[in-house]
Amino acid sequence: PSGNVTAGKFLKVDSVSGSGTTGVGTMTFSDAGGGGTTFLYATSGSSSSSVSVSSTYITTTHDLYLIHFSGKMATDNANIKGQFLDSGGSAVASNYKINMSRIGNDGLDYSATGTYFDINNANGIGNAANEGFNIVAYLQNPTSNTITTSFDGFINYSTDSDSSRAEQFSMKRADGTEQHYGIKFFPNSGNFAEFKITVHGFNKS
């Protein structure tokens, strides 16, 4: 095979001369194709007023993204908000449709329209040693101009009294013609004391 031997690669037949059992093929090391996900981005940090995934990673290549986001708050009893980003990287601050519910408590459902969307709503997130948050969510159809962009998932967190909470959330931008090329997260007060975020894109084929 041509090219350097690289971990995680597969052999691909580039060309064949002849045919049948006497044919000779030329092979190279290549990425696997067909379904699955592609790792796009990962970063971590501390003392940040917001965390964004930019248009470098949110593109027309994928219609569906898996986002893992975890961390700790600098300010006690804070909530996490979010906004989509337009093609220029500016936050879109209008007309979000929000639906949320606390898992394990049917009486705590929440819906609203706002200039941002909520990730947690039932309680604030604590900032003590045992308190933090873990989010797993899907960003769907961000660059479509016919289907509304949505962000749907789950958050597990500890309150400022170290009580465990879990919420499911679903939100969309109520404009199916608007395209988005990123997403931004920020606390309603203070900073993220520390954070980690990972993004994968689901392959279209």
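This is a predicted model: local features need pLDDT of at least 70, side-chain atom pairs count only at pLDDT 80 or more; totals for chains, interfaces and linings use all residues.

**Exercise 1.** Work out where the salt bridge of Asp 118 and Lys 81 lies in the chain, and classify Asp 118 and Lys 81 by accessibility.

*Solution.* 
- Step 1: In the salt bridge between Asp 118 and Lys 81, the closest N and O atoms are 2.3 Å apart.
- Step 2: Asp 118 belongs to strand β9 (residues 117–118) and Lys 81 to strand β6 (residues 80–84); the pair links distant parts of the chain, 37 residues apart.
- Step 3: Asp 118 has 3% relative accessibility, so Asp 118 counts as buried. With 8%, Lys 81 counts as buried.

**Exercise 2.** Find what the salt bridge of Lys 204 and Asp 63 ties together, and classify Lys 204 and Asp 63.

*Solution.* 
- Step 1: The closest N and O atoms of Lys 204 and Asp 63 are 3.7 Å apart, and the two form a salt bridge.
- Step 2: Lys 204 is in the segment after β14 (192–202), while Asp 63 is in the loop between β4 (51–53) and β5 (64–73), so this pair ties together parts 141 residues apart in sequence.
- Step 3: Lys 204, at 53% relative accessibility, counts as exposed, whereas Asp 63, at 34%, counts as partly exposed.

**Exercise 3.** Decide why the rings of Tyr 41 and Tyr 57 count as a stacked pair.

*Solution.* 
- Step 1: A search of the whole structure gives 13 aromatic pairs.
- Step 2: For Tyr 41 and Tyr 57, the ring centres are 4.2 Å apart and the planes are at 25°, so the pair is stacked. The cut-off for stacked is under 30 degrees.
- Step 3: Tyr 41 sits in strand β3 (residues 37–48) and Tyr 57 in the loop between β4 and β5, 16 residues apart.
- Step 4: Tyr 41 is buried at 17% relative accessible area, and Tyr 57 counts as partly exposed at 24%.

**Exercise 4.** Which residues form a nonpolar patch on the surface?

*Solution.* 
- Step 1: The patch is formed by Ile 103, Val 136 and Phe 154, with about 240 Å² of accessible area together.
- Step 2: Val 136, in strand β10 (residues 133–140), counts as partly exposed at 33% relative accessibility.

Technical notes:
Residues are numbered from 1 along each chain as its sequence is written. Side-chain values use heavy atoms; hydrogens and water are left out. Patches are made of residues with over 30% relative accessible area and no salt bridge: like charges are joined within 9 Å, nonpolar side chains (Val, Leu, Ile, Met, Phe, Trp, Tyr) within 5 Å. Accessible areas come from the Shrake-Rupley method with a 1.4 Å probe; for residues, only the protein chains shown count as cover. A salt bridge is a side-chain nitrogen of Lys or Arg within 4 Å of a carboxyl oxygen of Asp or Glu. Helices (H or I, at least four residues) and strands (E, at least two) are DSSP runs, numbered from the N terminus. Buried means under 20% relative accessible area, exposed over 50%, partly exposed in between (1.4 Å probe, protein chains only). Rings of Phe, Tyr and Trp (its six-membered ring) pair if their centres lie within 6.5 Å; planes under 30 degrees apart count as stacked, over 60 as edge-to-face and the rest as tilted.
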